[in-house]
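Dear colleague,

I am handing over the structure below, and my notes on what was found in it follow. Please read them alongside the coordinates.

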Amino acid sequence: MHIILSLDVSQDDGQADWNLKRVLIWLALAVGIFALASALRHLVIEPQTAGIACSNADAPWWCALRHGLLLMHLDYRWGQIGLAGGALGLMLYWRPAVVVGLVFSVMGLVLYNADLAGIGLVLTCLALPRVV
C-alpha cells in the first residue's frame, strides 16, 4: 500500500490537495495534543500529592481545574465530544468539527476514555481527506 502525497495544491474542482505540508500540520497538531494530554495526566490528574492537596479545606486555586478534568473523565466527555466531532466532520465535511474530533479523541485516548474516543478518532481520520 502506497500513500501518494502530491505537491500540487490545486485541482480542477478547486479543492486543496493533500500535500506533505498539510499532512505534517495535522500530524503536529495530533502530537501536540497527545503531549498536552500526557502532561495533564501525569502532572495534574494522577499524582497522589495533587489529590491530597485538593482534599484539604484550604485547597489551591488549581484544584477546581483538576476537579473539572476529573469530571470530564468520569462522565466520558472526552470520548463523547470526540465521537460527536468526528461524526459531524464525516457527515458535513466541516473543518471545525474535524478539529474538535481530533482534539477530544486524542485527549480521550490518553485520559482514560479510549472506547468512544477511539471510534471518534477513526471517524475523524475518515473525515480528514474530505475537509479543505
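Where is the place of tyrosine 76? Tyrosine 76 sits in the loop between helix H3 (63–74) and helix H4 (77–92), where helices (H or I, at least four residues) and strands (E, at least two) are DSSP runs numbered from the N terminus.

Before going further, please note that this is a predicted model, in which local features need pLDDT of at least 70 and side-chain atom pairs count only at pLDDT 80 or more, while totals for chains, interfaces and linings use all residues. Residues are numbered from 1 along each chain as its sequence is written, and side-chain values use heavy atoms, with hydrogens and water left out.

The phi of tyrosine 76 is near 60°, a positive value in a residue other than glycine, and its relative accessible area of 43% makes tyrosine 76 partly exposed (buried means under 20% relative accessible area, exposed over 50%, and partly exposed in between, with a 1.4 Å probe and protein chains only). Most residues other than glycine have a negative phi. Tyrosine 112, in the loop between helix H5 (95–110) and helix H6 (114–127), also has a positive phi, near 75°, and counts as partly exposed at 31% relative accessibility.

As for charged pairs, a search of the whole structure gives one salt bridge, that is, a side-chain nitrogen of Lys or Arg within 4 Å of a carboxyl oxygen of Asp or Glu. Arginine 41 and glutamate 46 form this salt bridge, with their closest N and O atoms 3.0 Å apart. Glutamate 46 is partly exposed at 40% relative accessibility, and arginine 41 is partly exposed with a relative accessible area of 24%.

Best regards
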